[in-house]
Amino acid sequence: MKRDRDDTDFRGLKKMYEKREAGCIFCEIPDKRIVLEDELSYVIRDGFPVTFLHSLIIPKRHVKTYFDLSQSEINSTNRLLIETQRLIDVEDHGVSGYNIGMNSGESAGQTVFHCHIHLIPRRDGDVENPRGGVRHIIAGKGYY
Ligand code: AMP
Ligand code: ZN
């Protein structure tokens with residue numbers, strides 16, 4: 001009888017998504033700090049927030065950067081990013097903008113080498129002149 005199956009090795013796939021690294025803070029985040037999650041990713045508030053409600057969207061699999069993510073993880077982190085943004089909008093009506101950022105690699109400023117997406121809520125007047133936003137990662141290049 002013809003069976004509806006192919007040769008995909010789902011055990012290998014499952015094993016891949018279970019990759020964790022001992023000693024990695026984002027592999028060992030306690031459940032009580034998680035504000036949102038799905039099967040592949042989770043969200044916490046940053047421990048040293050740039051602004052109130054600064055959040056990190058983190059794939060559960062231990063990979064270094066966004067460029068290592070599978071399409072499923074990209075979809076998952078993107079969904080949680082949008083959901084977190086919506087929740088912050090509801091929680092704090094003073095939020096009027098966001099910066100979304102990733103530091104990929106030490107040269108780009110990464111300090112925790114487990115992929116994460118920064119979602120940084122912004123409020124009118126939180127800096128004197130916000131013009132240029134993420135361009136300010138290189139001092140003096142923010143204003144153009
Ligand atoms: P990056 O420099 O892009 O690698 O960002 C690392 C982020 O992780 C920083 O914004 C830190 O404030 C944050 N962080 C570091 N340690 C912790 C921790 N134990 N819990 C939550 N956030 C943390
Ligand atoms: Zn990790």
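**A loop threonine and a zinc site**

Thr-51 sits in the loop that joins β2 (41-45) to β3 (55-59). Helices (H or I, at least four residues) and strands (E, at least two) are DSSP runs, numbered from the N terminus. This is a predicted model, in which local features need pLDDT of at least 70 and side-chain atom pairs count only at pLDDT 80 or more, while totals for chains, interfaces and linings use all residues. Residues are numbered from 1 along each chain as its sequence is written, ligands are numbered from 1 in the order in which they are written, and side-chain values use heavy atoms, without hydrogens and water.

Thr-51 counts as buried because its relative accessibility is 15%; buried means under 20% relative accessible area (1.4 Å probe, protein chains only). Beyond its neighbours within four places in sequence, Thr-51 is in contact (heavy atoms within 4.5 Å) with Ile-120, Pro-121, Arg-122, Arg-123 and Asp-126. A polar atom of the Thr-51 side chain lies 2.7 Å from the backbone oxygen of Pro-121.

Next comes the zinc ion (ligand 2). Its protein donors, at 2.0 to 2.3 Å, are Cys-24 (SG), Cys-27 (SG), His-62 (ND1) and His-114 (ND1). Donors are N, O and S atoms within 2.8 Å of the metal (3.2 Å for Na, K and Ca). The 4 donor atoms subtend angles of 107 to 117°, so the arrangement is tetrahedral; for four donors, that requires all angles to lie between 85 and 135 degrees.

The donor residues follow the spacing C-x2-C-x34-H-x51-H. Cys-24 is in the loop between α1 (10-17) and β1 (34-37), and His-114 in the loop between β4 (95-101) and β5 (117-123), so the pair ties together parts that are 90 residues apart in sequence. Cys-24 is buried at 9% relative accessibility, and His-114 is buried at 0%.

How values were computed: Buried means under 20% relative accessible area, exposed over 50%, partly exposed in between (1.4 Å probe, protein chains only). A polar contact is a pair of N or O atoms within 3.5 Å; within protein, one must be able to donate a hydrogen and the other to accept it, and residues adjacent in sequence count only if both atoms are side-chain atoms. Four donors count as tetrahedral if all angles lie between 85 and 135 degrees; four count as square planar and six as octahedral if opposite donors are over 155 degrees apart and all others between 65 and 115; anything else is irregular.
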